[in-house]
Amino acid sequence: MKREKSVFYHLLPYVKRFRWIYICLTAMLFAGIADGLLFTWFLQSITNGAIAGDVTKVQMFFLFGAGLVLVMMIVQFLNVYFESLATNKVKTSLADDLFDHLLRLPTRYYTSNHSGDMVARITQDVNSIGGAIGSNLINLIRQPLWAAAAFIYLVTIHWVLALLALMLGPATTLLAKLCGRLLRQNGQWIQQLTGKLTEFVTDSLAGHLIIRTFGLESDSSQNFKEQNGRILELQLMEGRHKAGLQAGTIGVSLAAQIVVIGVGSLMVIHKRISIGELIAFISLTQGLISPFTNIANTWGGFQRSLAAVERVFQVLKEPTALQTLPTGEGVEVPNITDGIRYKNIIFSYKNNHPLLNDFNLEIPAGKTVAFVGPSGSGKSTIFNLTLGLYEPNSGEIEVDGKKLNEDVNQMRKYMSLVPQESFLFSGTIRTNIALGKIGSSNHDIMEAAKAAQAHSFIMELPLGYETEVGEKGIRLSGGQKQRISIARAILRNAPILLLDEATSALDSESEISIQIALKALMHNRTTLVIAHRLSTILDSDLIVVMDKGRIVEMGEHQELIQRDGLYSKMFAIQFKEYTKFQKLKDV
Ligand SMILES: Nc1ncnc2c1ncn2[C@@H]1O[C@H](COP(=O)(O)OP(=O)(O)OP(=O)(O)O)[C@@H](O)[C@H]1O
């Protein structure tokens, strides 16, 4: 019960948010119960009237019955309508809050959780919570009230017979408790496996190229079938539990009715109750036992929904990194004059050996600093920290004299990132560039594209700037995507640029276009670049050579070459590869 309480505690704010709907639902609930009792009274009275040969009474109750039917229809309509309103409104707000919360979560959460699982929580789990806030919840409230009302009504006729009718009810509750536990456990397994299956599907779609080129289709298909088969087994087991519960509860309900009919008939013979009252008993015994049956059935579905609610609230309980959600609308920030300072930074991704240990560096404003070093030396980590995606364990980063961690959102307005892998969202080229500064005019977007050497290839596309890109859109080459990414950064016009150069070799035309685009982008900005291109390295004001999280060398190109250390070795290798590449291209 502790678990149920905690789930309700979490759901309560949502119920409160739509309290007027729940108030209407409660009103309908009482109207439904009153209607049911009035119907029994109608049955009892019209039967007694018929037996007594009282035509006026029969006629009057006939009209009364017709009125009841009308009221019942209206109540039923409003009941279903309000229930759907309540469930869907809560579901929608929960999904809104969940997505909002996901956007606020720290970068660590994204790197340590699978996107497929997050998708499953926001779609499937949110959808399954209907059972905990909609019909199941209402039924769990309605049924005991209905049982109590029916019992009181029957007690006023004959209390012994009423107790007899009630006697078998609790048996179904025991059955429900047992099956409920099994169903809940099963529900959790199904949800976990479905989350895993969603992860597998998203991975397979994203990695379809590897699947195809390595000929892994049959293995993937087999893997999917196995996982899906396991879910099927659990669903069938769920079906068996539900069937057992249903059969047991129907058995109990029928047994109670037979007892009531048998004993009630004897009472009619002995003139203890009238035939009309026996009919009331027959009609209400069903109403007395069915709540136990319905609670039992509802309990299973309810337990399953609780499992889904728990998965949703697991995410909602994760501590966030952002208080407010920043907007991409353009705000002009002044150019910086004081550069970036890293002071005694100690940082580890996990609580083990720190990757950066007492890292100190000063990047002067307006300069281009290239970070070079072997793979895993910590270059991207410097970017992650500068962008405030991770916080150092100790030490401080200052941007233009202000502490980065004091207002990360504001400080990020000073920066734009051109990532190694250019990501295009589903939408048009225009909207993709406009992400650099939401609300930009078409003229500004076009100017940015021109500076990024992207305008001419965009104009050659069938719909120009309105061409759809992203998963469902046209395929752009790596170089073209990169130029759109650069245009986005040009439009953002932030004073600090973080550029993670793409490693893949481009054809010479793209290479030249990108060089021109980057020159335009880097102009007049403080630039941090994870450098892979010789031209970038040579043109940098400062080269920071990193190895195992430490700065091992620092200086200008010539200086570092003369030092004959790690940099000169790396440069020699790169230069050899570069000339080989150039020769190959010349051939
Ligand atoms: N999100 C993360 N969680 C845990 N460890 C990480 C994470 N990102 C990077 N690392 C580890 O930190 C170390 C430094 O990685 P980083 O990406 O900064 O290196 P890099 O110099 O940019 O490498 P590359 O040139 O290959 O991109 C590596 O050992 C890497 O495995």
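A residue is near a molecule or strand if its C-beta atom, placed from the backbone, lies within 6 Å of it. This is a predicted model, in which local features need pLDDT of at least 70, side-chain atom pairs count only at pLDDT 80 or more, and totals for chains, interfaces and linings use all residues. Residues are numbered from 1 along each chain as its sequence is written.

**Exercise 1. Find the residues around the ligand, sort them by class, and name the helix that gives the most of them.**

Step 1: Look around the ligand, and you will find Thr 111, Tyr 349, Leu 355, Gly 373, Ser 375, Gly 376, Ser 377, Gly 378, Lys 379, Ser 380 and Thr 381.

Step 2: Sort them with this rule: Ala, Val, Leu, Ile, Met, Phe, Trp, Tyr, Cys and Pro count as nonpolar, Asp, Glu, Lys and Arg as charged, and the others, Gly among them, as polar. The shell then holds two nonpolar, eight polar and one charged residue.

Step 3: Helices (H or I, at least four residues) and strands (E, at least two) are DSSP runs, numbered from the N terminus. Helix H13 (residues 379-386) contributes the most to this shell, with three residues.

**Exercise 2. Describe how domain 2 touches domain 3.**

Step 1: Take the bounds, which come from an automatic or database domain assignment: domain 1 (2-13 + 96-316), domain 2 (333-414 + 494-587) and domain 3 (424-492).

Step 2: Between the C-alpha centres of domain 2 and domain 3 there are 25 Å.

Step 3: Two residues are in contact if their C-beta atoms, placed from the backbone, lie within 7 Å. Domain 2 brings 13 residues to the contact and domain 3 brings eleven residues.

Step 4: On the domain 2 side, helix H19 (residues 508-522) gives the most, with eight residues. That side has ten nonpolar, three polar and no charged residues.
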